[in-house]
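Here is a short briefing on a predicted model. Look at the structure first, then read on.

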Amino acid sequence: MGYLISGILVWGFIGWLIDRWLGLDGLATGIGSLVGAAGGVYLILRRFGG
Amino acid sequence: MVLADELPFPPSVEDFHLVPAWVSKFTVLVWIAVALIIIFFLVLYRNPKLVPTRGQWLAESFYGFVRDRVAGDLIGHEGLRFAPYLATLFSFILLTNLFGIVPGIQISTNTHIAFTAMLAVISYVLFVAVGIRKFGFWHYWKKSLFLPAPLAVQPILIPIEFVSTFVVRPLTLAIRLFANMFAGHVILLVFTLGGFVLLNSSAWFLKPISVLSWVMAIALTFLEALVILLQAYVFVVLTASYVQGALVEDH
């Protein structure tokens, strides 16, 4: 749970910064959130999924 | 009706300030809570007997519950030395939470985020310090940030690990307790004061509904009792599991 939220937060925020930098209108924020969610799920599986 | 006229409405921040400006209701309540806990354990454990009296049994089973069920089961054998802190934390949060439904007090200090934030900071410093003391500074960081994973995805995972362990944990610890107690307090306030507002309304058909509002307030007080116990327990269990996470050897 914590992993998922922090994954989306961290990479969503980095994506948002890239958005601001390159003027991408939220594209990088979306990609970043997805990457973060995927990373969070991966960490959860790694740590709790045996 | 008379009661409703005396009631300060709407409630404001000024209600919390007592006679000297620097003493608020919360300050006094925390003093009372600390004093009560000290007196409770000192008096009941002043003269311990092999065959415990009822009071001694109460104090012992409270401490024993935290030591065995929380510290022992969650952290393991190493966790027993944290039992005094966890028991103190549990009794303090439980008592200050309980103030929220004690008639005449009816506000918990944990409805103020400063108190829950301070408790979260203590737990945070505790689990980081425990980890650093056991593994050394660099090993502890390496242990908590690196999971066995392909090298290519490590740059993605390490920031997530960092934020989830060192940023989200203390924040959620503080906000969970604060938000639960604050929401409970507001709900009780809304239904109690709402009853008075309905009773004083000019439309006659709204007046009987005030009874329903007060019945709801009483029912929700029982719900609050459950939340109080649960949130105190959750805070302590999470602190214990964070300490366990800092102490665990390897994944």
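In chain A, take the contacts (heavy atoms within 4.5 Å) between residues at least 6 apart in sequence: 52% of them join residues at least 24 apart. This is a predicted model, where local features need pLDDT of at least 70, side-chain atom pairs count only at pLDDT 80 or more, and totals for chains, interfaces and linings use all residues. Residues are numbered from 1 along each chain as its sequence is written, chains are lettered from A and ligands numbered from 1 in the order written, and side-chain values use heavy atoms, without hydrogens and water.

**Chain A overall**
- Chain A has two helices and zero strands; these are DSSP runs numbered from the N terminus (helices H or I, at least four residues; strands E, at least two).
- Its C-alpha atoms fill a box of roughly 40 × 15 × 10 Å along the principal axes.
- Of the 50 residues of chain A, 30% are buried (under 20% relative accessible area; exposed is over 50%, partly exposed in between; 1.4 Å probe, protein chains only).

**Helix H2 of chain A**
- The buried residues of H2(A) include Ala28(A), Gly32(A), Gly36(A) and Leu43(A).
- Seen down the axis of H2(A), the buried residues fall within an arc of 165 degrees, so they line one face (the arc is that of directions from the helix axis to the C-beta atoms).
- Leu27(A), Leu34(A) and Leu45(A) are exposed on the other side of H2(A).
- The cover over the buried residues of H2(A) includes helix H1 (2-22) of chain A and helix H7 (154-199) of chain B.

**Chain B meets chain A**
- Each side is in the contact: 14 residues from chain B and 14 residues from chain A.
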